[in-house]
Amino acid sequence: LSDLKYRKSPIHKLKTIVKVAELMTVCIDDFYKSIGLTNDKKLDGDQTLSIFMYITSHAEITDIATHCKIIEKFSTGNILNSVSGYYATTLEACISCIVAMPIKDEWRKEEF
């Protein structure tokens, strides 16, 4: 997701977001394979949102909301009503959730 800041066009930004979503599935499948199991389950919207929240919070992109706004304003309706648009909307919801989270002062301190 950190590559988002290097993508100039809305389409390339969307492709980066979709790639992140695809890699989430690949990583989960790889995990199940590593413990000798198969993953027959698909991620639902809540699970996808939670994983996107984790990835976004660790991506260290300070202007991610701006990237989402560029995608929203400069993409066509057909693109926004596709799988790419679904993941862009999921990322927007993720940002809204992160911004709305209450953060206590003791959580802000590095304890490592």
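**Entry 1: helix α2**

I began with α2, whose buried residues pack against α1, α3 and α5. I note at the outset that this is a predicted model.

Which residues of α2 are buried? I found Thr48, Leu49, Phe52, Met53, Thr56 and Ala59. I then checked how they sit around the axis. They cover an arc of only 140 degrees, which puts them on the same side of α2.

Next I checked the length of α2. At 1.5 Å a residue, its 15 residues should span 21 Å. The end C-alpha atoms are 20 Å apart, which agrees.

I looked at both ends. What caps the N-terminal end of α2? Asp44 does, with a side-chain oxygen 3.1 Å from the backbone nitrogen of Asp46. After α2 comes Glu60, and its phi is positive, near 55 degrees.

**Entry 2: the core**

I moved on to the largest nonpolar core, which has 21 residues. Which members touch the most others? They are Leu1, Ile17, Phe52, Ile64 and Leu91. I traced where the core comes from. Helices α1 (10-34), α2 (45-59), α3 (64-74) and α5 (83-100) each supply at least two of its residues. The most come from α1, which gives six.

**Entry 3: the whole chain**

I stepped back to the protein chain. How many helices and strands does it have? I counted six helices and zero strands. Along the sequence the pattern reads α-α-α-α-α-α. The C-alpha atoms fill a box of roughly 45 × 40 × 25 Å along the principal axes.

I also looked up burial. Buried residues make up 27% of the 112 in the chain. Then I checked the contacts between residues at least 6 apart in sequence. Of these, 71% join residues at least 24 apart.

**Entry 4: confidence**

Last, I checked pLDDT. The chain mean is 84, and 92% of residues reach 70 or more. Where is confidence lowest and where is it highest? It is lowest in α6 (residues 105-108), at a mean of 56, and highest in α1, at 91.

Note on methods:
Residues are numbered from 1 along each chain as its sequence is written. This is a predicted model: local features need pLDDT of at least 70, side-chain atom pairs count only at pLDDT 80 or more; totals for chains, interfaces and linings use all residues. Side-chain values use heavy atoms; hydrogens and water are left out. A nonpolar core is a set of buried Ala, Val, Leu, Ile, Met, Phe, Trp, Tyr and Cys residues joined through side-chain atoms within 4.5 Å. Buried means under 20% relative accessible area, exposed over 50%, partly exposed in between (1.4 Å probe, protein chains only). Helices (H or I, at least four residues) and strands (E, at least two) are DSSP runs, numbered from the N terminus. pLDDT is the predictor's confidence in each residue, from 0 to 100. The expected span of a helix is 1.5 Å times one less than its number of residues. The arc is that of the directions from the helix axis to the C-beta atoms. Contact means heavy atoms within 4.5 Å. A polar contact is a pair of N or O atoms within 3.5 Å; within protein, one must be able to donate a hydrogen and the other to accept it, and residues adjacent in sequence count only if both atoms are side-chain atoms.
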